[in-house]
Amino acid sequence: MIATLSHKAAPAISPREQKATASDSPPRRPRFTFDPHMLVIFLLVFVTALGIFTTLRFGADYYLTKLAERPQHPLHENFKASGLVGQGLGVVGGLFCFLTLLYPLRKRWRVLENLGTPRTWFQFHVYFGIAGPLCATLHTTFKFGGLASISYWSMMIVMASGFIGRFLFALLPRNQRGVVLSLQEIEAEIRVVQKSLAPVRWEEESFIKLLPLPAAAQGQWQTLWSLWRARRREQRSWNQRLRAQRLPASTTRRVLSLLTRKAFLESSRITLATTARAFSYWHALHLPFTYLMFVTLVIHIGLAILFGYTWIF
């Protein structure tokens with residue numbers, strides 16, 4: 001086991017916590033706290049999914065028709081790339097792609113830096129980075145060619161590589177401003193977490209010491225996988241044992257959050273160099289295709305406007 005509750009002196013907890021501990025009532029499940037920003041994201045996902053489903057529901061026959069026969073299809077005027085529905089999807093998809101730029105711009109504009117948390121900005125960045133290419137796919141009517149195809153396929157590469165970037169992003173420890181922590185800062189935060197655990201008398205061994213990690217394997221990708229599985233396993237164990245202590249829900253949430261953070265920091269202390277190097281390689285691949293996507297997208301939009309395809313405007 002990674003952690004054991006002390007059998008020494010009584011925990012230095014508040015009277016309210018002592019009363020709850022002594023109670024014979026069943027332990028309360030930790031109360032779920034909902035982030036209002038997540039509600040906005042869930043609504044956006046719902047509306048986007050509904051829009052895509054509706055488009056496919058009514059336009060499936062058109063999309064499955066051979067390209068040579070589509071001009072005679074009754075839905076052609078609305079669902080073609082320059083039609084009301086088709087170009088509307090293109091406008092929404094292009095807008096979403098441009099909105100992904102707000103996340104990197106936030107790091108450079110002080111006006112945006114104090115609006116929301118890095119986590120919230122990143123969640124919106126992920127949403128726009130997925131919804132934009134999906135709408136753009138329907139805009140193409142699955143017909144690829146010319147300059148627009150360069151923009152589309154670079155967009156798909158950016159989206160696919162974004163999933164890898166999301167995985168690597170989650171492995172890097174960051175502070176509240178979203179800045180990656182150094183080894184010294186990781187050590188300092190681990191000490192802060194240990195002090196925060198002291199009032200509830202939670203004694204523990206180092207998370208890393210209990211894992212069978214050979215010295216030659218430290219910092220390698222197999223270690224990342226082992227650490228992730230171990231953290232998930234221990235989180236379930238901690239949650240069960242904390243609930244068994246009949247502590248208030250607020251205390252349970254606080255201790256579980258601290259233990260989870262400490263385990264993550266101890267894991268990051270070993271894998272920081274490997275993860276940071278992989279993230280830099282990913283960045284070097286992701287950025288060129290991002291630039292290519294936006295350059296060709298701007299040209300594509302400019303040509304569309306030049307030839308009079310202005311949708312409803």
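Biologist: What is the area of the nonpolar surface patch that includes Leu147 and Tyr309?

Modeller: This is a predicted model, where local features need pLDDT of at least 70, side-chain atom pairs count only at pLDDT 80 or more, and totals for chains, interfaces and linings use all residues. Residues are numbered from 1 along each chain as its sequence is written, and side-chain values use heavy atoms, without hydrogens and water. A nonpolar patch joins Val, Leu, Ile, Met, Phe, Trp or Tyr side chains within 5 Å, from residues with over 30% relative accessible area and no salt bridge (a Lys or Arg side-chain nitrogen within 4 Å of an Asp or Glu carboxyl oxygen). Here, with areas from the Shrake-Rupley method and a 1.4 Å probe, the patch covers about 850 Å².

Biologist: Which helix gives the most to the nonpolar patch?

Modeller: Helices are DSSP runs of H or I with at least four residues, numbered from the N terminus. Both α8 (146-171) and α11 supply at least two patch residues. With 5 residues, the top contributor is α11.

Biologist: Is Leu303 buried or partly exposed?

Modeller: Leu303 sits in helix α11. Buried means under 20% relative accessible area and exposed over 50%, with partly exposed in between. Leu303 has 39%, so this residue is partly exposed.

Biologist: How much space lies in the largest cavity?

Modeller: A cavity is a set of points on a 1 Å grid where a 1.4 Å probe fits but cannot get out. The structure holds 2 cavities of 30 Å³ or more. The volume is the space filled by probe spheres set on the points, and for the largest cavity that is about 60 Å³.

Technical notes:
1 Å grid on protein atoms, 1.4 Å probe; cavity = no way out; pocket = protein on both sides within 12 Å on 5 of 7 lines; lining within 4 Å. Patch = residues over 30% accessible without salt bridge, like charges linked within 9 Å, V, L, I, M, F, W, Y side chains within 5 Å. Buried < 20%, exposed > 50% of the residue type's maximum accessible area, 1.4 Å probe, protein only.
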